[in-house]
Amino acid sequence: MISVLFVCLGNICRSPLAEALFINHLIEQGLNDKFKVDSAGTASFHLGELPDKRTRNMALKVSNITLTHKARQFKATDFLSFDYIVAMDKSNFQNIMKLRLENAKAQVVLMRHFDSMIQNEDAIPDPYYGTESDFEEVHYMINDCTFGLLKKIIK
Ligand code: 4NP
């Protein structure tokens, strides 16, 4: 079993979408039963909430996916439960690393480093204060990066 945790700030826009799109790629490749996938936020603003309505609408419109994840906060013990922790931007990465345990098994990586088209970017931009087209752009970006990440993991 390979375990992957996607992490952003609020766990209502980027990371629950990454979780769902990664699972979508797993299903398409018949690998769903070989992976455990989850998402979390470094902040506690939205605990227990469904993903942002704009993220849910875009997921349904573009990828025909209904997002059902409930926001939870990233915790230090996630370092022991997951093989890969995937941060959406550098700020998430730093906040994750502040909680790192000595005996961590997880490898912490940046989602954008798996983008098939762009090499020098670090961030999946936070769409929370953005427009509908920002949510659309982030959707396609995360779809591409989750595909790239899966390719890398199974290589
Ligand atoms: P996320 O987006 O980190 O992609 O879930 C955000 C969601 C909520 C807030 C910021 C970013 N907020 O400030 O409440």
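In which loop is Asn 11 found, between which strand and which helix?

Reply: The model is predicted, so keep that in mind throughout. Asn 11 is found in the loop that runs between strand S1 and helix H1. Strand S1 covers residues 2-8, and helix H1 covers residues 14-28.

Start with the backbone of Asn 11. Its phi is near 60°, which is a positive value in a residue other than glycine. Most residues other than glycine have a negative phi. Next comes burial. Asn 11 has a relative accessible area of 1%. Anything under 20% counts as buried, so Asn 11 is buried.

Now look at what surrounds the ligand. Asn 11 is one of the residues around the ligand. The space that the ligand takes is the second largest pocket.

Which atoms come up against the ligand oxygens? A polar backbone atom of Gly 10 is 2.8 Å from an oxygen atom of the ligand. For Cys 13, a polar backbone atom is 2.9 Å from a ligand oxygen. His 46 uses its side chain instead: a polar atom there lies 2.8 Å from an oxygen atom of the ligand. On its own, the ligand has 350 Å² of accessible area, and the protein covers 92% of it.

Step along to helix H1. Ser 15 has its place in this helix. Ser 15 counts as buried because its relative accessibility is 0%. Ala 106 is 91 residues away from Ser 15 along the chain, and their C-alpha atoms are separated by 17 Å.

Lys 53 is 41 residues from Ile 12 in sequence. In space, the two are 8.9 Å apart, C-alpha to C-alpha. Lys 53 sits in helix H2. Lys 53 is exposed, with a relative accessible area of 52%. The cut-off for exposed is over 50%, so Lys 53 passes it.

Asn 64 is in the loop between helix H2 (53-63) and helix H3 (78-81). Phi of Asn 64 is near 55°, again a positive value in a residue other than glycine. Asn 64 counts as exposed, at 65% relative accessibility, whereas Asn 11 is buried at 1%.

Helix H3 holds Asp 78. With a relative accessible area of 2%, Asp 78 is buried. Between Asp 78 and Phe 147 there are 23 Å in space, C-alpha to C-alpha, for 69 residues in sequence.

One more aspartate is worth a stop. Asp 38 has its place in strand S2, residues 35-41. Its relative accessible area is 19%, so it is under the 20% cut-off and counts as buried. The side chain of Asp 38 makes a polar contact of 3.0 Å with the side chain of Arg 72.

Key: Residues numbered from 1 in each chain as written. Predicted model: local features only at pLDDT ≥ 70, side-chain atom pairs only at ≥ 80, totals over all residues. Heavy atoms only, no water. Near = heavy atom within 4 Å. Polar contact = N/O pair within 3.5 Å; in protein donor to acceptor, adjacent residues only side chain to side chain. Areas by Shrake-Rupley, 256 points an atom, 1.4 Å probe, with all protein chains shown as cover. 1 Å grid on protein atoms, 1.4 Å probe; cavity = no way out; pocket = protein on both sides within 12 Å on 5 of 7 lines; lining within 4 Å. Sits in = over half its atoms within 2 Å of the grid points. Helix = DSSP H or I, 4+ residues; strand = E, 2+ residues; numbered from the N terminus. Buried < 20%, exposed > 50% of the residue type's maximum accessible area, 1.4 Å probe, protein only.
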